Amino acid sequence: MGYYSGADGVMKVGSTTVGRVTTFSFTSSQETLDVTTLGDRDRKLIGGTRSLSGSASIAYYSATGATSGDTMASTLMNNLIKTGGAASDTVTLSLGINDHSGTYKDITMTVVLTSIAVSSAQGEIFSADISFEAADAPSGFDL
Amino acid sequence: MTATYFPSISPTSRSYRPGEYARQEFESLDGTKSYIRYGNKRTSSTLDLTFENITDLQVLSILSNYESVNEGWTDTESKWVEFIDANSERNKVVTAGVEATSLQDFYIERTELKWRYDGPPTVRSTFPNRSTVQCKFVACLDSP
């Protein structure tokens, strides 16, 4: 199989595979530094600061015998939402795919959760939409 | 008197004022003005150069130039900044983007005016190996 689809996608928090994730995405971007000088008629740029951000949608799940991977929506909410003024936790995320040989290929990074949107609507599954930004350079990348 | 060549780095922006003619102005009670001129040569030209996102080596060359221009002065010998490259006649510093050679002559100050630093350069670090440097120069007539 040369192409991959959502069925091949894997999201991990720490070493725990998130069991109820429906979508995830990430975007890598880079700022630019302008090095154009007098006399130039064309803009000249060099690469600047890189950043990584992304989002994921995880269905809220709880049942007898549910694993920590099944209840990850709740875990992530508890990483961001704190009572009593406690500091939020950073999270180690791995986003990747299982390739044709079954090898897990991913990007791993420590992220700061920037938002969690939870919605409950008639006819839809109760889920948490999380957004995150990488706190540093990725610690692993082999996609 | 020794000329010290400024490193050949193109600026991002350049601001030039041609200086003034030494004079004193008197205004009488009826509003009429009288001028006493003390010279027929303009002086105190100013040149502000900004170099954005230049490399560390280029920053070093500017700072080294600032030191070499201001060190080693004696009672009779001073130094000044020269923007005319010894090899290529006109370097890119003050003439970049200027096509009219007669206008370049103003910026270079091909008169008796001599460029000197009007204070130390300002270096602002922006990125690894990149900084923005601002230099201010003033050109004055040296006494004979």
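The largest nonpolar core of this predicted model has 21 residues, and those with the most contacts inside it are Val81(B), Phe83(B), Val94(B), Trp115(B), Val133(B) and Phe137(B). A nonpolar core here is a set of buried Ala, Val, Leu, Ile, Met, Phe, Trp, Tyr and Cys residues joined through C-beta atoms within 7 Å, where buried means that 20 or more other C-beta atoms lie within 10 Å of the residue's own, with C-beta atoms placed from the backbone. The elements of chain B that give two or more residues to this core are strand 5 (45–55), helix 1 (56–70), helix 2 (92–95), helix 3 (101–108), strand 7 (113–117) and strand 9 (130–141); helices (H or I, at least four residues) and strands (E, at least two) are DSSP runs, numbered from the N terminus.

Once neighbours within four places in sequence are set aside, Val94(B) is in contact with Arg14(B), Leu47(B), Phe83(B), Tyr107(B) and Ile108(B), a contact being two C-beta atoms, placed from the backbone, within 7 Å. A second, separate core of 18 residues includes Phe24(A), Ile58(A), Leu93(A) and Ile130(A).

Chain A has one helix and eight strands, which follow one another along the sequence as β-β-β-β-α-β-β-β-β. Of its 143 residues, 16% count as buried, and 58% of the contacts in chain A with a separation of 6 or more join residues 24 or more positions apart.

Residues are numbered from 1 along each chain as its sequence is written, and chains are lettered from A in the order in which they are written. Local features need pLDDT of at least 70 and side-chain atom pairs count only at pLDDT 80 or more, whereas totals for chains, interfaces and linings use all residues.

Key
Buried ≥ 20, exposed ≤ 12 C-beta atoms within 10 Å, placed from the backbone.
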